[in-house]
Amino acid sequence: MINAPSTDELKDIHHKMVVTRELEEILGAYAREGKTRGPIHRCDGQEAIGVAACAALRSDDYVCTTHRGHHVYVGKGLTARGIVAEIFGRETGYCKGRGGHMLLGDVTTGMLGGNAIVGAGIPAATGMALSMQILKQDRVAMVVFGDGAAQTGICHEAMNMAGLWKLPVIFVLENNQYGLTVRQEVQSPVEDLSIRAAGYAMPGEIVDGNDAEAVYRAVAAAAERARRGEGPSLIEAKTYRVKGFSTSDMGGYQSEEEMAPWLERDPIKLSAEKLAALVGADTVAAIEAAARAEVALAFETALSDPFPTFEIHAPSAAYSETKQ
């Protein structure tokens, strides 16, 4: 199958999806106890998109994401320990404890950060792609953003520029059905947001966002297209946010009937079933056990790591003179 992930890649994707889910569940428990610095935006049920999309890229490609980006961080190769350390403000975090859970970044892996501003990663990735084009680099930029961000003006401006200049950028629209507490159909007059791609002379595609292999194939094809100089692509990955907007969300607006079919099609469950057919259920169980052990050790280690230290410097003579 063209652009299909190898068995080893599928094993790695499954491992990282379980790492992400375990991170979210433990972080959720800490948040309920008031032990996190503010609310956590969990991505339970969306793991296949961030992990598989990053798996389809090369290590030197650039990625940016949203406030709900833990699956993208893990997918691009950030360690569980570094992520946990950053979230809990430790010096060993990726931003030395200064960024927090929404703003992780690591240039060595090409993960150029999450963003707390809705839609802000879209022009950032477009700008990265422009620099790659000008420098004649064989690289691509990818941005993962939500259906809420798809309604912002900067999204359309960036896509227009990307289509006009044939920039090597991949727009991955993670349609989880909700922007804050508002259903997607209340925010957009069209159900399938991918049709907007036609207005910017780029291909638009809908994929099952709970199927890691489908996401991988779509992103891999878009990356190949971008490297050939054929411009951007828009991939709308349909999924569902099974948790609230954040851990401070009171909930009550998602019914059990609405959630049931999505819970039945949990991306980790689907991945486990496909992988078991290839390598056996015992191997899948071992992969999942290793992922959970990795996260447990990450929390144990990171929460023992030191907090940042800050030095206080006296004002310089020049500064003192200006204040007189």
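A residue counts as buried when its relative accessible area is under 20%. Keep that cut-off at hand, and keep in mind that this is a predicted model.

**Stop 1: Glu-47**

Select Glu-47, in helix H2, which covers residues 47-55. Is Glu-47 buried or exposed? Its relative accessibility is 0%, so Glu-47 counts as buried. The side chains of Glu-47 and Arg-21 are joined by a polar contact of 2.5 Å. Leaving aside neighbours within four places in sequence, the contacts of Glu-47 are Met-17, Thr-20, Arg-21, His-71, Pro-267 and Ile-268.

**Stop 2: the largest cavity**

Keep Pro-267 selected. Pro-267 also lines the largest cavity, along with Leu-10, Asn-210, Asp-211, Ala-212, Glu-213, Leu-270, Ser-271, Lys-274 and Leu-275. The volume of this cavity is about 100 Å³. Which helix gives the most to the lining? Colour H10: it supplies 5 residues. Helix H8 (212-227) and helix H10 (267-279) each bring at least two residues to this lining. By class, the lining of the largest cavity holds 5 nonpolar, 2 polar and 3 charged residues.

**Stop 3: the second largest cavity**

A search of the whole structure finds 2 cavities of 30 Å³ or more. The lining of the second largest cavity has 8 nonpolar, 1 polar and 1 charged residues.

**Stop 4**

How many disulfides does the structure hold? The count is 0. Select Cys-43, which is in no disulfide: the nearest cysteine sulfur belongs to Cys-54 and is 12 Å away. Cys-43 has a relative accessible area of 0%, so it is buried. Go back to Cys-155 from the previous stop. Cys-155 is in no disulfide either; its nearest cysteine sulfur, on Cys-64, is 12 Å away. Cys-155 counts as buried because its relative accessibility is 2%.

**Stop 5: helix H4**

Select residues 80-87, helix H4. This helix is mostly covered, with 7 of its 8 residues buried. The buried residues of H4 are Ala-80, Gly-82, Ile-83, Val-84, Ala-85, Glu-86 and Ile-87. What covers them? Show helix H1 (7-32), helix H3 (70-75) and helix H11 (281-302), which are included in the cover over the buried residues of H4. Then step past the end of the helix. H4 is followed by Gly-89, where phi is positive, near 70°.

**Stop 6: the largest pocket**

Finish at the largest pocket, with a volume of about 350 Å³. Next, colour helix H5 (121-134), strand S2 (141-146) and strand S4 (178-179): each supplies at least two residues of the lining. S2 gives the most, with 4 residues. The lining of the largest pocket divides into 13 nonpolar, 13 polar and 4 charged residues.

Technical notes
Residues are numbered from 1 along each chain as its sequence is written. This is a predicted model: local features need pLDDT of at least 70, side-chain atom pairs count only at pLDDT 80 or more; totals for chains, interfaces and linings use all residues. Side-chain values use heavy atoms; hydrogens and water are left out. On a 1 Å grid over the protein atoms alone, a cavity is a set of points where a 1.4 Å probe fits but cannot get out, and a pocket is an open set with protein on both sides within 12 Å along at least five of seven lines; lining residues have an atom within 4 Å of a point. Grid points are joined across faces, edges and corners, and a volume is the space filled by probe spheres set on the points. Ala, Val, Leu, Ile, Met, Phe, Trp, Tyr, Cys and Pro count as nonpolar, Asp, Glu, Lys and Arg as charged, and the others, Gly among them, as polar. Buried means under 20% relative accessible area, exposed over 50%, partly exposed in between (1.4 Å probe, protein chains only). A polar contact is a pair of N or O atoms within 3.5 Å; within protein, one must be able to donate a hydrogen and the other to accept it, and residues adjacent in sequence count only if both atoms are side-chain atoms. Contact means heavy atoms within 4.5 Å. A disulfide is a pair of cysteine sulfur atoms within 2.5 Å.
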